Amino acid sequence: MLGAGGGGGGAGAKPAKPSFVSYISPEEVHLKESIEKEVKPHLLPGEALLCEADMVLKRVQDDGSNRGTYGKLTCTNFKISFLGYCALEEEPQFKNKVIEENDITLQCVDQLYGIYDDRRKPLYNQLRRYPEKMIIYCKDLRVFHFCLRYTKEEEVKRIVSGIVHQTQIPKLFKRLFLFSYATAAPRDTEIKNQTVMFDTIRDWRQELERTKGNLKYKAVSANEDYKVSKQLPPYFVVPMAVSEDSLLQYQGKGVPIWCWSCHTGAALLKMSAFSKEQDDSASQMHKIFLEGMYKTVNKPPYEAMKLDDLASSLPSVQDIQTAYSKFKQLFLVDNSSDFWDTDVKWFSLLESTNWQEIIRRYLRKAVEVIDLLEAQNTNVLLVEENASDLCCVIASLVQIMMDSYCRTKLGFQSLIQKEWIMGGHAFLNRCNHLRQTEREEAPIFLLFLDCVWQLVQQYPPAFEFTETYLTVLSDCLYIPIFSTFFFNCQHQKDTAVTGGGYDAEIGRLSFLSVWDWSVQFEPEALALLNNPLYVEKPKLDKNQRKTTRFKHQRQLSLPLTQNKPPPKRGFFKEETDQLIKNILGKRISRLITSSDELQSTSREFYDNWHYKPVDLHGILLPRLEGPGIRVWAQRYLRWIPEAQLPGGGTVATATTILHTMEDVQSLQKKVDEKRSEVVSSEMETFALTRNPARLSSLFPFALLQRHSFKPVLPTSIWKDLESEEDLARRDDDFVEIGDD
C-alpha cells in the first residue's frame, strides 16, 4: 500500500476509523487532472527516445517509505531520465545544462536490480518476469528507486527491457553516443579554450622551455604517423642522445620518455617495460638496448639516475579496483535505516576497504620521488608495463606538488592532457564504457583526483580550483558528449575523428573537450569551480627577476634541507645487470627498495619541510600521518542527506570569507566612486552563496534537506530495545519524576 496516512477522507467525513484499505495513493488521485499535461524529455543533437513509461513512482530514499514523486521514466541512446509530473518547487542552484538532476547517462549506470516479492535480484538481458520495483546504482554513487506497480504492463516490459539492454549489454565502440552527438551537433559550435592540448610539437617544445628542460631533452615527431607505436602520442620528448632508429626498434618500449624537469636540472621520466615472457636471445638484445638507453640519462658522477619499478612498490591496478569496490558500498545507501545501521562501525568498515591506505601510499611515493629530484638532484625513471596507469598517477602528483603552475586551473587541465590523455591512459577500458569486460576496469583516474583532493583540503589557498571542480571533473568521466575520457589512446581518437573504420559517410568528426566548461554550466555556476581564496603568485619586475629568481625558487622549494652531495657511486657499472633483470621481469631486484625503506630515507626531507611555514608557490608535501588522509565527503557523501552538516563544512568558512571580501570591495567601490573612478565588480558571480542559512556541507550539490530520525543511542544498542512506537507509548513511565 502506498497510502500516506489515515486522514485522506474528503470534506465532511466523520472522524471514524476507516473500515477499508485503499489501494490508490492520494498522490495518484490528485494526479488525475494534471496527468493530461504531457512532459517531454529534453533531447540533445543525435539523441533518440527509445522507450518510456508513465505513472512511475520515484521513491524517496531517506525514510524507507513508499512516498515519492510520480512521473515519466524514459530511456534514450544517451541517458535514463525521470520527468516528474509536478514542477520542482525550486530550481537547483548548481545546474548542469547537459545532465539534469534526475538524469543518468548510460555510462554512469553501475548495477541494476529488480524487486520481486520483496526479494532483490540483479537484472540481466533475458528476463522471464518483470519487477514491480527497479533500483539503479550509479557510478557517481546516486541510488534511484522506481516503483512500477501503477505502470501499464506493456510499458513496464518496454522500459525495463530497454534500460537493461542499453546498460548491461556489451556495446560496439561506434555505438557510443559520443559519435551520434558529434555527427548531429552543429560543426560551428566548437569552443576554443586555453588549455594546452599537447597535440602539436610546438606545445611540447613550449613545455620544455617553461621547465628549462630543453638543454637535455628534445621533442620528436617520429610517431606522427604512428609508425613507432599506436600507444604513444604523435609527439613526445626523449633525451637528446636517443635516435629515431632507437624509437622504432622496439615500438617505443625501453625508451625513457620525459615528463617534467626540476629547477635543479633533474628530470622525471617514464618507461614502458619489456614483456616478462621472452626467450634468452631476446632478453640479451633487450639488455644491450637498455644499457644504451640508461647512458642517455645516467652520467655519473655528474648526473645520476634512480629507477623505480612501480609494480613492485605500489598497490597494483587490481588492488585499486578491489579496494574501491568495497569502499563504494559504504555510500550506496538504499534508505536512512541502512545508513544509521553502519554508523557505529563506519570507521572500521572504512579501514577494511583499504582505499584510504592506498591513497596514503601513492602520496608517499610522490614524496619519495620529490626527495630524489629536489634534495638528491637525481633523475627518476618510473617503470611500468605500459607506463599508462601508475606512472600517470605518480608523475602527475609529483608535478602538482613541485610546480605551482600545475595548481592553477589551466595548468592542471594541461597536466591531465599531457600525462593522461597523451600519456595513453586507457579511459575506455578502465571506466568500462563499453561493458565488454570487467577485468580491466579500475578507478585509476578517480584515485588520482582523490589524491589531489587531499592536497586541496590541506592547502586550500594554493589551488586556483575548488573541490567542487574536482567533483564535477569526476562526474565528466561518464558524460559521452566529450571525447576527453572516452578513448584508450590518441591513435584511437585520431582514427575516430577521420571516420576510418567506423563510418566513411560521416567524414571528419569534431569532438567537444571537457575543458569547455561553458557547455555544462552558466557563468554563475562556473564561479563555484574557481577558488576565491587562491593566492596568486606575485609577478616580479624584470630587474628583480634577474637577480633573485634562482635563489627564490630554491628557498621556496626546500626551506630547511641542506645541499646534499651526489651519490658516492653511480649505479651504472655495478648495478646495471640487476636493473636489466628487473626491467625484463626475470626477478625483483633488491635495488628497488620497499616503500617503508624509501620512506625512511625521505623522512629527513619530509620532516624538514613540515618544520617551516608553508610556501604556497613552492613545494607542497601532504600530511600523511593519521587523520591527514580524509574521506572526500563532497564526492562520496553528497547524495546522503543524513551526512550533511547544516551551515557547516568548508562552505561555511568560504562563505564567511566571501562576505567579508564583498564588504571590503563594496567599501572600496564607494571610495572609488567618490573619486569618479569606475571599477568592475568581480564578486557578483558569488551571489549563489549569499544566504549561508540555506547551505550545507554538501553544497552546491545539496541545500538543506530533511533529516531522518537519528537514534540517540548507538544503532546496535537501539535494536536491542523496544521500537520507537513502543517507547512513545511508554512515555508516562519516564515523565513523572519525583520532586524532592
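One term before we click: buried means under 20% relative accessible area, exposed means over 50%, and partly exposed is in between (1.4 Å probe, protein chains only). You're looking at a predicted model, where local features need pLDDT of at least 70, side-chain atom pairs count only at pLDDT 80 or more, and totals for chains, interfaces and linings use all residues. Residues are numbered from 1 along each chain as its sequence is written, and side-chain values use heavy atoms, with hydrogens and water left out.

**Stop one: N377.** Select N377 and you land in the loop between helix 11 (355-375) and strand 14 (378-384). Helices (H or I, at least four residues) and strands (E, at least two) are DSSP runs, numbered from the N terminus. N377 has a relative accessible area of 41%, so it counts as partly exposed. Check its backbone too: phi of N377 is near 50°, a positive value in a residue other than glycine.

**Stop two: Y226.** Now jump to the loop between strand 9 (217-220) and strand 10 (236-239), where Y226 sits. Is Y226 buried or exposed? Its relative accessibility is 15%, so Y226 is buried. Phi of Y226 is positive as well, near 60°, and Y226 is not a glycine.

**Stop three: Q458.** Next, pick out helix 15 (residues 444-458) and select Q458 in it. With a relative accessible area of 7%, Q458 is buried. Which residues does Q458 touch, leaving aside its neighbours within four places in sequence? Show P622, R623 and G628: Q458 is in contact with them, contact meaning heavy atoms within 4.5 Å.
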